[in-house]
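Biologist: Please take a close look at the ligand site of this model. Which parts of the protein form it, and what contacts are made there?

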Amino acid sequence: MKIAFIGFGNMANALINGIMSSDKTLVSDDIYIFHNKKKNQYTKEKCIFLNSGEACDQIFDAIFLCVKPKDIQSAINENKTLFTDNQVIVSVAAGITINSIKSFIQKNVSVIRAMPNLCAIFNESITGICAERSLSENKKKCVGDIFKSIGHLREIEEKEMHSFTALFGSGPAYIMYFVEALMQSERFSSISEDDKSLLILHLLSSTSKMLFISQDIKELREKVSSRGGTTEAAIKTLEENNFFEIVEKAIQEASKKSSNISK
Ligand SMILES: NC(=O)c1ccc[n+]([C@@H]2O[C@H](COP(=O)([O-])OP(=O)(O)OC[C@H]3O[C@@H](n4cnc5c(N)ncnc54)[C@H](OP(=O)(O)O)[C@@H]3O)[C@@H](O)[C@H]2O)c1
């Protein structure tokens, strides 16, 4: 499978590293990368770097669009000669619909949209993909294996992209925000602030290990919140202040924002 990337930022880097470290993807040829920086600024094993818009005589099976949503149309226009009929176009640009991408490219291509998250950098992304119905199962699998090389993959419908972005795309930031809140609470004279932060990260990691093996999270949480005890007092305060409703509203706002961006 011969592939090219347009854009070489965080997401392209994560995907290329994932491809390089996986033996499951069918990418065996050199990867072509069309970027926006000065010539020869980058080097990477098995990668050929060209400036965006630079002439290239290769024909690609798949092209990954890894630029910001605002740059997608200009990046496509600059590299028009790379697009050919029957190609698979993979876009990670948030909010840009399959129909918009097809209308920018104006070739008989099949488009897959993907929504990875920040954790792609550590091969732990949670990625949602949706493909045009016309795309063959075989081509879908080839692209799916590339995203599996950077974490967990689920196929979703395009209309679910906003919800997926709101929950899993922005999800790491919600967890970070909760951790920030814990880090701001309480002070100890015997534990430094740095050490307290480290302990809170251990708390996150060990609790998440426990959650993975638990059958029922609510039941486990109720079990550790003994009646009349300290944990119950804290949870009661969160309940009284509508913690669930606040989280739900926040995620709905993120989904609404994603939907507005796509208009
Ligand atoms: N990062 C995430 O966690 C995440 C999660 C989900 C989806 N995404 C999506 O992934 C896409 C890329 O995000 P990112 O975080 O990788 O952004 P990024 O680090 O800013 O990378 C985008 C790259 O595209 C380059 N670029 C801009 N115009 C170009 C052009 N015409 N031709 C070639 N290259 C061009 C930029 O170069 P210059 O800066 O030099 O212009 C930049 O290096 C976005 O659409 C975003 O919505 C990102």
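**The ligand site**

Modeller: In this predicted model, three elements each contribute at least two residues to the shell around the ligand: helix α1 (10–21), strand β2 (31–35) and helix α2 (72–78). The ligand is surrounded by 25 residues, and the closest are M11, K37, S52, V67 and P116. By class, the shell comprises 14 nonpolar, seven polar and four charged residues. The space that the ligand takes up is the second largest pocket.

Several polar contacts can be described individually. V67, one of the closest residues, places a polar backbone atom 2.6 Å from an oxygen atom of the ligand. In the case of K68, an N or O atom of the side chain is 3.4 Å from a ligand oxygen atom. A nitrogen atom of the ligand, in turn, has a polar side-chain atom of E78 at 3.2 Å. As for burial, the ligand taken alone exposes 890 Å², of which the protein buries 79%.

How values were computed: Residues numbered from 1 in each chain as written. Predicted model: local features only at pLDDT ≥ 70, side-chain atom pairs only at ≥ 80, totals over all residues. Heavy atoms only, no water. Near = heavy atom within 4 Å. Polar contact = N/O pair within 3.5 Å; in protein donor to acceptor, adjacent residues only side chain to side chain. Areas by Shrake-Rupley, 256 points an atom, 1.4 Å probe, with all protein chains shown as cover. 1 Å grid on protein atoms, 1.4 Å probe; cavity = no way out; pocket = protein on both sides within 12 Å on 5 of 7 lines; lining within 4 Å. Sits in = over half its atoms within 2 Å of the grid points. Helix = DSSP H or I, 4+ residues; strand = E, 2+ residues; numbered from the N terminus. Nonpolar A, V, L, I, M, F, W, Y, C, P; charged D, E, K, R; others polar.
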